[in-house]
Amino acid sequence: MLTPIAPSLWGAEHDLFMPGGVHFRGRMTVVQLPDGGLLLHSPVPIDAALAADLAALGPVRVLVAPNLLHHVHLAAAQERWPEARTWGAPGLAEKCPHLRIDAVLGEQAPPWADVLAPHFIAGMPWMQEHAFFHRPTATLLVTDLFFHIERAVLANWTSRALFWMLGLLDGPAQSPLVRLQARDRPAAGESARALVALPVARLVPAHGPVIDRDAPAVLRRVLGRQLSWAPAAALADGQAAPARGLGGGPA
């Protein structure tokens, strides 16, 4: 079922069950591009009914795997829409050689970047996360950079206990596991600075409800630890470092 988020943006959620029975929700975000085609950010399982809803909006032309973790349902989406061009995070082709990756995020600017601009989260190679800023609606899409887990939708006590221990219950928050895996903290801090400098009006996490109230303050709070890693000069002059692509190039 598609849910409207903002003009030219929709979401479709599904239930995720991880090892041990851990349950939470995942979201695919659908972006309508200026030519009327659709971009699917982090595809979820798509049945005939959802495919029909998408077809009513326009042809699916782009599939995006925004990090090294959100690829489980990409192959099925590629099979359903073989002509759609797939953009993947750096390293995804090596991790999943069975997937067709037509272009690597960060190696070149996507033709749709004027509408949906990718921002590479540097310093965290285990994840290779890309956030995306939808310029027409000032909406920031994130995947696993932070979560917005609601206690009420979790299916069991195991899930509630795990997310409570991680500090992720009942409010937007960044997992400590994300920060613990950082390999270049100054670079990760610069990436956070670039995000909070954006004129954000809305946050759309892949896991949890959309945040459309006080989005700039929420973003600054959830990325607080990561922001503190930015080089002192960047923190002092208030300038956000440019988002970086693979190898330091523009994302």
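Colleague: With which residue does Glu13 form a salt bridge?
Modeller: In this predicted model, the pair to look for links distant parts of the chain, with Glu13 placed in strand E2 (residues 9–17) and its partner in strand E3 (residues 23–32), 14 residues apart. The closest N and O atoms of the two side chains are 3.5 Å apart, and the residue that Glu13 pairs with is Arg27.

Colleague: Which parts of the chain does the pair of Arg61 and Asp35 tie together, and how many residues apart are they in sequence?
Modeller: The side chains of Arg61 and Asp35 meet in a salt bridge, with 3.1 Å from N to O. Arg61 is partly exposed at a relative accessible area of 38%, whereas Asp35, at 54% relative accessibility, counts as exposed. Because Arg61 lies in strand E5 and Asp35 in the loop between E3 and strand E4 (38–41), the pair ties together parts whose separation in sequence is 26 residues.

Colleague: How many salt bridges does the count come to?
Modeller: Besides the pairs already discussed, Asp102 forms a salt bridge with Arg100, and the closest N and O atoms there are 3.1 Å apart. Asp102 is partly exposed, with a relative accessible area of 30%, and Arg100 is partly exposed as well, with 32%. By the rule used here, the count of salt bridges comes to 3.

Colleague: Which residues does Gly58 touch, leaving out those up to four places away in sequence?
Modeller: Gly58 is found in the loop between helix H1 (48–57) and strand E5 (60–65), and at 12% relative accessibility Gly58 counts as buried. The C-alpha atoms of Gly58 and Leu39, which are 19 residues apart along the chain, are separated by 9.8 Å. With residues up to four places away in sequence left out, Gly58 touches Gly36 and Leu38.

Colleague: How many of the residues of E9 are buried?
Modeller: In a regular strand the side chains alternate between the two faces of the sheet. In E9, His130, Phe132 and His134 lie on one side and Ala131 and Phe133 on the other, and both faces are covered. The strand is described as mostly covered, and the number of its residues that are buried is 5 of 5.

Colleague: In the pairing of E9 and E10, which residue in E10 stands opposite Phe132?
Modeller: E9 pairs with strand E8 (residues 116–120) in the antiparallel sense over 5 bridges, and His130 in E9 is the bridge partner of Phe120. E9 and E10 also pair in the antiparallel sense, over 3 bridges, and they form a hairpin with 4 residues between them, where Ala138 in the turn has a positive phi of about 55°. The residue of E10 that stands opposite Phe132 is Leu141.

Colleague: How many residues does the largest nonpolar core have?
Modeller: Apart from it lies another core, of 26 residues, among them Leu40, Val44, Ala65 and Cys96. Leu223, one of the residues with the most contacts inside the largest core, touches Leu145, Gln174, Ala192, Leu195 and Val196, not counting residues up to four places away in sequence. The number of residues in the largest nonpolar core is 27.

Conventions. Residues numbered from 1 in each chain as written. Predicted model: local features only at pLDDT ≥ 70, side-chain atom pairs only at ≥ 80, totals over all residues. Heavy atoms only, no water. Helix = DSSP H or I, 4+ residues; strand = E, 2+ residues; numbered from the N terminus. Buried < 20%, exposed > 50% of the residue type's maximum accessible area, 1.4 Å probe, protein only. Contact = heavy atoms within 4.5 Å. Core = buried A, V, L, I, M, F, W, Y, C linked by side-chain atoms within 4.5 Å. Salt bridge = Lys/Arg side-chain N within 4 Å of Asp/Glu carboxyl O. Pairing = 2+ DSSP bridges.
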